[in-house]
Amino acid sequence: MLLSGFTKHASTSFDEIDVQRINIREPDGTLRMVVANSARLPGVIVKGTEQPKVDRPQAGMIFLNDEGSENGGLIFGGKRNDKGEVVDAGGSLSFDRYNANQVVQLIGVDDKDSHFAGLSVTDSVEHARNKQRIWVGRDDDGTATLSMKDGAGRERIQVKVPADGTPVINFLDGNGKVQKTIAGADSASSR
């Protein structure tokens, strides 16, 4: 009786394991992380209740907070459709605001519809649509871009360097019209 409080936890070692889904849970059963293939990746989970799976064709890892609500994840995928086009190709690592959507996302997509990679910082408000505030990355046309937006999500400053090397800084009004441009010399002619 005296030693019953000193129970040893069993552990098992594996050289290799094949699974479709792993659920990491707290001692009270609260789900804290899911690692799964594309078929078994869950829909959004809020306070332990899974919503229907919508637009999540990738495999990955979903992070959940202390209350069993999703608060970020790592997803990745890519395949060809029946026409031979590359679809759903890329990956994303994101972290969410408590009880809201993502506030930081590192993303790369390269498929038939989109070709971009970068870091997005977003204002995320409970029960409201996200407003992207900062984008640093490479856009569809290969332009390196820093975009800063106001609280309404309207782009106000653009810093761009296209593949030809000509840097540009644009200042925009609330309607997206360029009010001032500062253009630098292209890298080829300034050497």
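Is Tyr98 buried, partly exposed or exposed? Select Tyr98 and let's find out: Tyr98 is partly exposed, with a relative accessible area of 48%. On this scale, buried means under 20% relative accessible area, exposed means over 50%, and partly exposed is in between (1.4 Å probe, protein chains only).

Before you click on, some ground rules. You're looking at a predicted model, where local features need pLDDT of at least 70 and side-chain atom pairs count only at pLDDT 80 or more, while totals for chains, interfaces and linings use all residues. Residues are numbered from 1 along each chain as its sequence is written, and side-chain values use heavy atoms, with hydrogens and water left out.

**Stop 1: around Tyr98**

Tyr98 sits in the loop between E7 and E8. Names like these come from DSSP runs numbered from the N terminus: helices are H or I with at least four residues, and strands are E with at least two. Now show what Tyr98 is in contact with, leaving aside neighbours within four places in sequence: Lys47, Asn65 and Glu67. Contact here means heavy atoms within 4.5 Å. Zoom in on the side chains of Tyr98 and Glu67, which a polar contact of 2.7 Å joins. A polar contact is a pair of N or O atoms within 3.5 Å; within protein, one must be able to donate a hydrogen and the other to accept it, and residues adjacent in sequence count only if both atoms are side-chain atoms.

Next, click on Lys47, one of the residues in contact with Tyr98. You'll find Lys47 in the loop between E3 and strand E4 (49-50). Check its backbone: phi of Lys47 is near 50°, a positive value in a residue other than glycine. Lys47 is partly exposed, at 49% relative accessible area.

**Stop 2**

Look for Asp88 in strand E7, where it is partly exposed with a relative accessible area of 30%.

From there, hop to Pro57, which touches Ser38, Lys79 and Asp88, not counting residues up to four places away in sequence. Pro57 is in the loop between E4 and E5 and counts as partly exposed at 32% relative accessibility. Try the distance tool from Pro57 to Lys131: they are 74 residues apart in sequence and 24 Å apart in space, C-alpha to C-alpha.

**Stop 3: the largest pocket**

Rolling a probe the size of a water molecule over the atoms shows where empty space is left. On a 1 Å grid over the protein atoms alone, a pocket is an open set of points where a 1.4 Å probe fits, with protein on both sides within 12 Å along at least five of seven lines; lining residues have an atom within 4 Å of a point.

Select Arg56, Glu70, Ile75, Ser94 and Gln102: of the 38 residues lining the largest pocket, these lie nearest its centre. The pocket's volume is about 980 Å³, where volume is the space filled by probe spheres set on the grid points, which are joined across faces, edges and corners.

Which strand gives the most to the lining? Colour E7, which supplies 7 residues. Strands E3 (45-46), E6 (70-80), E7 (86-96) and E8 (102-110) each supply at least two.

**Stop 4: the largest nonpolar core**

Select Leu31, Val34, Ala36, Leu41, Ile45, Ile62 and Leu64, the 7 residues of the largest nonpolar core. Strands E2 (31-36) and E5 (59-64) are the elements that give two or more residues to this core, and E2 gives the most, with 3. A nonpolar core is a set of buried Ala, Val, Leu, Ile, Met, Phe, Trp, Tyr and Cys residues joined through side-chain atoms within 4.5 Å. In soluble globular proteins, nonpolar side chains tend to be buried together.

**Stop 5: two more side-chain pairs**

Go to Thr145 in strand E11 (residues 144-149). Thr145 is buried, with a relative accessible area of 5%, and a polar contact of 2.8 Å joins its side chain to that of Asp139.

Asp113 is exposed, at 56% relative accessible area, and its side chain makes a polar contact of 3.1 Å with that of Lys112.
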